[in-house]
Amino acid sequence: MLANFDFDVIRRSLSYLFIDGMTFTLTLTALSATGGLIFGTLIALMRLSGYRVMGWIAGLYVDFMRSLPLVLVIFWFYFLVPYIGQWVTGSSRPIKVGAFASSLITFIMFEAAYFSEIMRAGIQSISRGQPAAASALGLTYAQTMRYVVLPQAFRNMLPVLLTQTIVLFQDTSLVYVLSIPDFLGAASKVAQRDGRLVEMYLFAALIYFTISCIASYCVRRLQSRIAIIR
Amino acid sequence: MNYTWNWHIFLEPNPTGAGTYLDMLLAGLKVTIVTSLSAWVIALIFGTIVGILRSLPSRLATWIGFLYVEFFRNMPLLVQLFLWFFVLPELLPRTAGLWLKQMPNAPFYTAAVGIGLFMSARVAVQLAAGIGSLPRGQKMAATALGLTTLQTYRYVLLPMAFRIILPPLTSEFLNTVKNSAVAITIGLIELTGAARAMQEFSFQVFEAFSAATLMYLVINVIVVIGMRLLERAVAIPGYITGK
């Protein structure tokens, strides 16, 4: 069985797989995680702001995003972003948006919903005395959040945020539905060109597995190291 | 926005010749529901077995449970579906592989098994946590009453653990429904696939996706309400899950 395998196809396509494919996947993961975290924190602050309408809008957004399949959201944004771009820039036709920009916007908006729930839990885990002490010191709301609450919330939630980023790393493979050459897309292109589905998909699975395993092992170590004993 | 809305599109006949576009979406909805339910049954069965393994005092059992969970959790679902769909038939002996390839409805069975096993790892983790959260006294009392390990799990630990993990299981079931959309990549025409097909035939992108979005929201609401009722029905008075 293994005798029919052509492992050379992997060696021949290594540079395409990693330099083009994996770079796309990792860049998309890193930028989406950063953007998702920033927007997610803003959404979490909206939810906890105490203003009814703002909290309601943020909650609706989070619940809405979390009840849709990522594949559907990817399609939505793929077709919607050109029209949004047209509306923002005021041009007369829908603007052209590249594959990378489109998937980046999708993942930032989608992950923001998930990151916001994590940050909300993080902010709520800070004891009441902290913001009270901050305002007693004369800090404004923005200063309280910037210097007191958010740094601690972020630190407490770091392992969960990183775990969510590993999930995000795996989810980026779904840009396959737009025929974008991320790591899996690149592997699939080679597989179909050379008729070597078995080798390429097994190799892709092995790479995703190895990276996720190492990453989640590091998160577990980090978790035990930064755990605060109270 | 120079997009021409046409909400009447749903009532126009679809190009496959079987009813309207709405019928096409509803057929997709049915596939989504059937796939999710089949996958959920598989996830519950395997998740329960592996969850129990993870909670047993035996080192070997815990180790097997750990490996199972790590295997299914560290690969994207899409890659797992490709492995089941494209790779498995090639690795099997010739006749078995051929049988798999020629099976009618292959995308459906692949999706049900693939998504089911993927979700089973998550169910297993939840269940093991649920069993771990029970007071030690429960297991000891069961042993003192002369129950075997199997009986202890069957009559004491599992009924309690499942009640405790009902809320996270609800979100895992919703994840199963959402994950069924990934099966579009192996050619299953479920709800997202049907919306995509409708968009390709009719060019009414946003109507198609709006309808699919609405249907997913309705599924979510129904599942959440149903699970609330179930939670209330099985709650044990005076215990963690009771009121």
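**Two helices, then two chains**

Guide: The crossing of α5(B) and α7(B) is right-handed. This is a predicted model.

Visitor: What angle do α5 and α7 of chain B pack at, and how far apart are their axes?
Guide: Helix α5, residues 106–133 of chain B, packs against helix α7, residues 149–164 of chain B, at an angle of about 110°. Their axes are 8 Å apart. Angles from 65 to 115 degrees count as roughly perpendicular, so α5(B) and α7(B) are roughly perpendicular to each other.

Visitor: Which residues make the contact?
Guide: From α5(B), B:L127, B:G130, B:I131 and B:S133. From α7(B), B:L157, B:A161, B:F162 and B:I164.

Visitor: And how do those divide by class?
Guide: Six are nonpolar, two are polar and none is charged.

Visitor: Switching topic. How many residues of chain A are in contact with chain B?
Guide: 29 residues of chain A, in contact with 28 residues of chain B.

Visitor: Which helices of chain A supply at least two residues of that side?
Guide: α3 (70–89), α6 (141–171) and α8 (197–226) of chain A. The largest share comes from α8(A), with 11 residues.

Visitor: What about classes on the side of chain A that touches chain B?
Guide: That side has 23 nonpolar residues, five polar and one charged.

Visitor: Where is confidence lowest and highest in chain A?
Guide: Lowest in α3(A), at a mean of 91, and highest in helix α2, residues 52–66 of chain A, at 95.

Note on methods:
Residues are numbered from 1 along each chain as its sequence is written. Chains are lettered from A and ligands numbered from 1 in the order in which they are written. This is a predicted model: local features need pLDDT of at least 70, side-chain atom pairs count only at pLDDT 80 or more; totals for chains, interfaces and linings use all residues. Axes are lines fitted to C-alpha atoms, for helices over the stretch in contact, and angles run from 0 to 180 degrees between N-to-C directions. Helices (H or I, at least four residues) and strands (E, at least two) are DSSP runs, numbered from the N terminus. Angles under 35 degrees count as roughly parallel, over 145 as roughly antiparallel, 65 to 115 as roughly perpendicular and the rest as oblique. A crossing is left-handed if the near helix is turned anticlockwise from the far one by less than a right angle, and right-handed if clockwise. Two residues are in contact if their C-beta atoms, placed from the backbone, lie within 7 Å. Ala, Val, Leu, Ile, Met, Phe, Trp, Tyr, Cys and Pro count as nonpolar, Asp, Glu, Lys and Arg as charged, and the others, Gly among them, as polar. pLDDT is the predictor's confidence in each residue, from 0 to 100.
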